[in-house]
Amino acid sequence: MSELLDIVINQSFWIAVLRIATPLLLGTLGVLLCERAGILNLGIEGIMVAGAFTGWLAVYAGAPLWLGVVAAALTGAVFGLLHAGLTVGLALSQHVSGLGVTLLASALSYYGYRVSFPKVSTPPTIVPFAEMDWIGLPILAHQTSLTLFALLLVPLIAYALYRTPVGLAVRMVGENPHAAEGQGVSVMAVRTGAIVAGSALMGVAGSFLTLSAFNAFFFNMVNGRGWICVALVVFASWRPGKALLGALLFAFFDALQLRLQQSSFAVMPYQVYLMLPYVLSIVALVLVARRASYPQALMKPYRKGER
Amino acid sequence: MRLERREVASGAALILAPIGAVGFTLLVSSLLVLWAGAAVGETYGLLLRGGFGSVFAVSETLTRAIPLMLTGLAATVAFKARLYNIGAEGQLYAGALAAIAVGGLHGGTGFDLPPPVLFVLMMLGAAVAGALLLLGPALMKLKLGVDEVVTTLLLNFIVLLAVSLMLDGPMKDPTAMGWPQSVALVGDLELSKLIPQTRVHTGLLWAVSLAAGLWALLKYTVPGFDIRAAGANARAAAFAGVPVTRTVVIVALLSGALAGLAGAIEVAGRTGYVTLDMSPGYGYAGIVIAMLAALHPLGVIAASVFVAGVLVGADSMSRVIGVPTYIADVIVAASLISVLVATMLTQYRIRFG
Amino acid sequence: MPDPILTLSNITKRFGSLVANDDISLRLHAGEVLALLGENGAGKSTLVSILFGHYVADAGRIEVFGKPLRTGDPKAALAAGIGMVHQHSTLADNLSVLDNVMMGSESLWRPFTRKRAARTTLAGVAQRFGLVVDPDGRVGNLSVGERQRVEILKALYRGARILILDEPTAVLTPQESEALFEVLAQMVAKGLSIIFISHKLAEVLRVSHRIAVLRGGRLVAEAGASQTTEGQLAQWMVGHAVAMPHRRPAQSVGDPVCVIREASTAIAREQLVNVSLTLNAGEIVAIAGVSGNGQVALAECLSGTRVAVSGSVELLGHAMSTQPARLVELGVARIPEDRHGVGIIGDLPVWENAVSERLRSKAFSHWSWVRRAKSRAYAQRVTAVFDVRGAGLAAPASALSGGNMQKLILGRALLHPDSQASKTVTPRLIVAHQPTWGLDIGAVAYVQQQLIAARDAGAAVLLISDDLDEVLMLGDRVAVMHAGRLSPARKTQDWSREAIGLAMAGGTETGAGDSSRETQTAGP
């Protein structure tokens with residue numbers, strides 16, 4: 001038992017937790033924005049791949065790191081626009097469209113990677129974001145500025161959702177689009193905006209992997225993180241604060257299983273520990289399912305002038 | 001901008017929509033080919049020849065189409081009942097594992113049963129494994145309201161880790177020199193070849209018969225009506241006397257079983273053992289195929305041959321002129337999106353203002 | 001007459017081949033209530049949707065306060081002082097009243113909302129027109145009447161000078177309707193103008209100064225309310241004289257067919273609380289009440305789609321089956337309230353919808369194999385006998401108009417497969433929930449005649465309706481539903497309109513029965 005305690009009181013453990021939580025938090029906030037506006041975005045998995053790739057590619061080509069993040073956000077926004085066109089403009093099935101976007105975004109990224117680097121065996125590297133030594137706070141000092149950005153987004157998005165007219169509009173189109181239309185607010189514009197913004201965040205979430213957590217782009221690096229974000233949003237009841245809590249909780253268990261693999265607790269094959277995060281996501285969904293209050297218009301296509 | 005339902009499908013739209021869909025897909029992929037510095041015409045020529053240009057090419061395409069057909073059917077029946085099973089990938093692996101568990105050479109000859117009996121047991125085991133894997137998410141959806149999309153997606157990762165665990169442990173092939181690979185299937189259980197000197201096997205007949213069977217089930221039987229009714233409008237179906245919950249459970253079992261069979265047939269017909277990369281995303285591709293086929297079981301046959309042809313052709317083309325094989329995934333994804341849009345535009349018109 | 005504040009000139013709107021509005025011109029003056037009268041599909045809603053910017057007219061002009069109105073943009077309509085209370089709820093249940101009211105009133109890109117100022121303004125408006133609601137209440141917790149007040153406040157908060165009300169009384173008790181009319185009178189007295197949409201003749205004569213009648217997309221008549229009569233209006237609305245079924249009391253009431261004793265259901269959206277009722281052969285029992293007070297639960301209990309958790313429901317001496325298919329075989333004909341959402345499966349063909357309830361019987365399937373020829377033949381008979389038009393047997397049922405959809409549902413429920421020209425097999429029990437809602441007058445008469453004919457042939461009929469006129473005309477006995485409880489069913493002539501209205505609101509008029517005394521909410 002004391003070994004478990006040793007793991008948990010070690011500062012390096014909590015540094016890992018926050019690092020693992022960052023892309024999940026960014027992705028979850030992205031999904032949250034889309035779903036608050038009533039649109040399921042299963043494109044996240046592919047958009048994260050694309051963000052990881054373009055962000056990294058920009059930096060590899062010589063752009064400063066922040067420009068890489070911007071490139072990733074723009075990439076996410078473009079795929080978000082595609083998803084919005086399909087689900088908002090044409091009212092297609094949000095499930096199928098999202099899977100299509102995921103497929104397209106990851107295929108394009110892998111294709112682009114192979115075209116750019118046809119013959120490399122080890123992935124080329126970049127110099128990633130540095131730790132924030134200047135900040136003078138114990139755990140945060142070992143994170144990069146992308147983590148700080150993600151943490152600052154939580155109150156920012158909460159404020160925007162609950163305290164600004166545009167946030168009210170986003171919540172309204174996710175609850176009852178007819179109400180928004182009747183008050184002179186364009187459902188199409190608000191939903192499209194929310195999806196584009198949310199998808200940009202998903203792109204940034206991907207770029208965290210290549211520009212901060214690692215220093216290269218490789219295949220399958222997103223590895224289901226996008227799907228976990230979709231589960232975390234339900235767990236978070238579509239609230240930014242709880243999204244942070246959910247991402248941290250999830251990262252806690254993920255970091256723990258990594259440590260346990262190497263400890264004397266590692267009595268089971270390593271795969272069992274690796275399964276833990278996915279199993280936990282399902283458990284979390286089951287736990288909150290009964291009292292989850294979905295945005296009422298989620299996944300309901302809205303056609304102007306139709307009931 | 002708004003959508004307005006067409007009273008009658010417009011003739012022009014019915015002709016223009018598929019042309020537009022093909023055109024859009026070709027445009028996207030041509031730009032990518034140009035980016036890779038290859039000649040567009042030559043690339044497509046090689047791709048077509050690689051997929052359909054010779055007996056060998058066709059046989060390879062058909063071989064690849066078999067698992068796609070089965071996962072495509074799995075997605076078709078599930079989506080018909082509006083059960084969004086995105087877990088066919090995991091169910092396929094579960095079926096493959098079950099096939100080896102029943103019919104693998106575990107330090108000897110497996111069970112002491114006549115091969116035909118063992119074969120039936122193997123297929124049954126695979127179907128049950130796939131079915132049970134989807135039963136959980138289906139029950140969670142029905143009883144707790146948990147969205148099945150996320151649970152089935154997450155289960156794919158869990159199953160793949162379980163496969164890895166089995167290949168490291170109980171099912172490890174000791175002769176594979178540390179390569180993660182399962183013990184081999186008993187030779188008697190392997191499916192025979194359909195065309196000599198090629199890899200295409202009798203699994204194709206299984207897949208086509210299952211497609212025909214599913215088509216007949218949906219069109220001519222009461223359970224088939226139940227599936228379509230429950231998917232189209234669950235409340236109205238319940239009012240008309242359709243046992244909606246039971247129907248969704250049956251659909252889950254059926255869909256999971258079809259995906260599980262894809263795994264077993266792949267093991268028995270092509271690989272002979274399970275590896276971690278035996279499916280390059282057949283489960284996910286099945287969803288695309290089901291949508292390309294507009295959820296019609298017979299359309300699934302054609303759509304899976306198309307997708308398999310693109311995949312096989314891209315492999316062959318890539319070996320010659322070095323355009324990355326991922327072009328195939330782009331073509332498949334772009335055709336999915338463009339077909340969805342095209343179908344929508346035959347039913348609706350876009351009006352501005 | 002002073003200058004009009006609103007002028008619609010030559011408005012035309014087509015949807016495909018349908019001309020929804022055909023060259024309509026109208027004027028509205030300050031302080032005036034203009035009624036738009038017409039049947040479902042006459043073009044009333046389309047016309048005001050154009051006015052409010054939901055649709056763009058194919059031709060025509062709109063002027064408000066002397067200025068042309070930018071079309072196709074609700075924002076422009078709101079800015080010009082037009083407010084609209086839609087027929088369907090346009091409120092977000094999970095948000096507060098204040099959020100719902102403020103929505104869209106501020107520029108989207110302001111860095112913060114001015115809630116405090118909004119609260120003050122809202123309180124002022126609410127007080128001025130006597131429309132009091134709690135600004136912080138969650139809309140989902142409000143009653144139907146309160147929700148409508150919020151809808152009106154939304155429009156007034158935005159400074160509406162012209163208020164459009166689309167079928168506002170459809171969900172109100174008679175007393176609530178009266179209260180609404182008082183509010184409207186106050187508004188008019190303060191100089192506002194109102195466009196009031198309805199298909200109810202008496203109501204239109206009661207509230208409006210001027211009446212415009214639409215039929216088939218055309219403006220067929222305009223008259224001052226004091227210069228016309230119900231009969232004249234009905235004639236204009238329908239285009240010809242319609243023989244409405246007359247009230248014809250039951251001749252011979254038979255044995256009990258269905259007996260409900262102290263039945264309660266679990267809390268869902270609606271519930272039943274200790275409901276008792278006996279339905280006899282050859283008699284129509286009509287249930288009055290405002291939608292949402294447990295009518296759905298009652299209908300579902302008798303349709304095999306919901307079970308009572310306590311008490312008992314008996315059909316023909318046996319416990320009620322919970323299998324719809326079994327009920328249909330026993331002779332229960334079911335007409336659900338929501339024909340699009342529950343009655344038919346729109347994506348499936350007409351013939352499958354016609355046979356869906358009986359698909360499990362031996363007549364239409366054998367070892368789970370559908371007998372397609374027999375099924376289609378039956379569907380053919382249903383569509384022929386009940387005159388279902390507009391789509392072939394193989395077309396998706398969603399292609400049918402509302403009226404034809406209802407005829408299909410009525411037909412499959414009433415036409416027994418064994419019925420021949422020589423012998424008809426009548427259902428034992430008919431559960432008809434809002435069977436005439438939204439139908440045109442001709443179709444209403446047809447449906448009502450079918451119910452009367454079935455009763456005369458010996459069926460027990462339960463009619464659940466929002467429409468008090470229908471209840472009083474068809475019911476041999478009447479009971480009133482409120483908050484999940486049901487008053488005793490009394491002979492129709494023993495009820496007064498006022499007594500029913502009071503009971504609908506949960507009032508405690510003497511003799512209305514003990515069960516209606518306690519006020520318990522049936523859940524949101």
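Guide: The contact between chain A and chain B draws 39 residues from chain A and 40 residues from chain B, where two residues are in contact if their C-beta atoms, placed from the backbone, lie within 7 Å. This is a predicted model, in which local features need pLDDT of at least 70 and side-chain atom pairs count only at pLDDT 80 or more, while totals for chains, interfaces and linings use all residues. Residues are numbered from 1 along each chain as its sequence is written, and chains are lettered from A, with ligands numbered from 1, in the order in which they are written.

On the side of chain A that touches chain B, the elements giving two or more residues are helix H4 (65-89), helix H5 (94-116), helix H10 (225-235) and helix H12 (270-289) of chain A; helices (H or I, at least four residues) and strands (E, at least two) are DSSP runs, numbered from the N terminus. The largest share of this side, 12 residues, comes from H5(A). Sorted by class, the side of chain A that touches chain B has 28 nonpolar, seven polar and four charged residues, where Ala, Val, Leu, Ile, Met, Phe, Trp, Tyr, Cys and Pro count as nonpolar, Asp, Glu, Lys and Arg as charged, and the others, Gly among them, as polar.

Chain B also meets chain C, in a contact that takes 18 residues from chain B and 27 residues from chain C. Here the elements of chain B that give two or more residues are helix H8 (222-232) and helix H9 (234-239), and H8(B) gives the most, with six residues. This side of chain B divides into 11 nonpolar, four polar and three charged residues.

Turning to chain B itself, we find 13 helices and two strands, and its C-alpha atoms fill a box of roughly 70 × 60 × 35 Å along the principal axes. Of the 353 residues in chain B, 57% are buried, which requires 20 or more other C-beta atoms within 10 Å of a residue's own, whereas 12 or fewer make a residue exposed and counts in between make it partly exposed.

Within chain B, the axes of helix H3 (residues 55-80) and helix H10 (residues 244-271) come within 7 Å and cross at roughly 175°, the axes being lines fitted to C-alpha atoms over the stretch in contact, with angles from 0 to 180 degrees between N-to-C directions. H3(B) and H10(B) are therefore roughly antiparallel to each other, since angles over 145 degrees count as roughly antiparallel, under 35 as roughly parallel, 65 to 115 as roughly perpendicular and the rest as oblique. Among the residues that meet are B:Leu70 and B:Leu73 in H3(B), and B:Leu258 and B:Leu261 in H10(B); by class, this contact has 14 nonpolar, four polar and two charged residues.

Chain C, for its part, has 17 helices and 23 strands, and 48% of its 524 residues are buried.
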